[in-house]
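Please take a moment with the sequence and the model before reading on.

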Amino acid sequence: MISGADTITVTTTDGTEYEASVVGSYEDGDIAVLKIEAEGLEAAVLGDSSQVQTGETVYAVGNPGGTLSGTVTDGIISATERTITVSIESSSQSYGGQTVEKTISLDVMQTSAAVSPGNSGGGLFNSSGELIGIVNAKSSGESQEGLGFAIPINTAQEIVASLINNGTYEAPAGEDRTENRV
């Protein structure tokens with residue numbers, strides 16, 4: 001998450017660093033659009049997450065622990081349509097000097113690809129190398145292992161378009177499942 005960052009640096013696989021500015025962010029989905037001044041970079045090829053099938057092989061690319069950039073793990077799509085509930089502590093919202101904990105529901109794909117803290121925001125790719133999701137969360141239950149979640153790329157594209165055009169994103173009516181607790 002970029003919330004509260006004084007500076008943001010984007011580092012490419014060859015080690016080149018670029019200062020980035022925030023175009024917009026959607027804290028609930030842990031998605032941000034960053035802008036860098038660069039030429040000759042290759043964009044990921046976007047897939048169609050509506051075509052993803054349970055059992056399909058996938059690869060999660062991320063930065064587990066914030067220190068192991070470029071890590072790739074493999075797995076399968078365990079489910080194409082899941083709704084998960086996550087809690088987010090928001091330092092930007094406070095009530096009477098207290099931190100607000102926000103509980104939100106997200107529609108995601110489930111994967112068995114290993115997801116660790118620091119992977120959030122990384123790509124979930126199919127075996128054709130197409131970006132089909134943005135890694136968002138993992139289950140941290142004591143009796144559950146191997147449960148990773150990703151926002152489908154079709155949903156992420158809608159969020160990104162709104163962030164670029166408006167600087168913000170609001171979940172469509174009926175999809176806003178947010179509860180605030182102090």
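This is a predicted model: local features need pLDDT of at least 70, side-chain atom pairs count only at pLDDT 80 or more; totals for chains, interfaces and linings use all residues.

Two strands are said to pair if DSSP finds at least two bridges between them, and strands themselves are DSSP runs (E, at least two residues), as helices are (H or I, at least four), numbered from the N terminus. Residues are numbered from 1 along each chain as its sequence is written, and side-chain values use heavy atoms, with hydrogens and water left out.

The protein chain has one helix and 10 strands, and from the N terminus on its elements run β-β-β-β-β-β-β-β-β-α-β. Of its 182 residues, 33% count as buried, where buried means under 20% relative accessible area, exposed means over 50%, and partly exposed lies in between (1.4 Å probe, protein chains only). Among contacts (heavy atoms within 4.5 Å) between residues at least 6 apart in sequence, 55% join residues at least 24 apart.

β1, β2 and β3 make up an open sheet of three strands, in the order β1-β2-β3 and with antiparallel pairing. Its edge strands are β1 (8–11) and β3 (31–35), each of which pairs on one side only, and the twist averages 55 degrees from one strand to the next; such angles run from 0 to 180 degrees between N-to-C directions, with axes that are lines fitted to C-alpha atoms, for helices over the stretch in contact.

The two pairings of this sheet can be followed in turn. β1 and β2 pair over four bridges in the antiparallel sense, and they form a hairpin with five residues between them, in whose turn G15 has a positive phi of about 90 degrees. β2 and β3 pair, again in the antiparallel sense, over five bridges; here V22 stands opposite L34, and G24 stands opposite V33. This second hairpin has four residues between its strands, and D30 in the turn has a positive phi of about 55 degrees.

Helix α1 lies across β2 and β3, running at about 50 degrees to β3. The helix covers residues 153–166, and at 1.5 Å a residue its 14 residues should span 20 Å, which agrees with the 19 Å between its end C-alpha atoms; the expected span is 1.5 Å times one less than the number of residues. Its buried residues are I153, A156, I159, S162 and L163. An α-helix has 3.6 residues a turn, so residues three or four places apart point the same way. Q157, which also lies in α1, counts as partly exposed at 35% relative accessibility, and its C-alpha atom is separated by 9.3 Å from that of L46, 111 residues apart along the chain. Just after the helix, G167 takes a positive phi of about 80 degrees.

Which aromatic pair does a search of the whole structure find? The search finds one, and the rings of Y26 and Y169 have their centres 4.7 Å apart and their planes at 75 degrees, so the pair is edge-to-face. Rings of Phe, Tyr and Trp (its six-membered ring) pair if their centres lie within 6.5 Å, and planes under 30 degrees apart count as stacked, over 60 as edge-to-face and the rest as tilted. The pair links distant parts of the chain, 143 residues apart, with Y26 in β2 (residues 17–26) and Y169 in the loop between α1 and β10 (178–181). Y26 is buried at a relative accessible area of 13%, and Y169 also counts as buried, at 11%.
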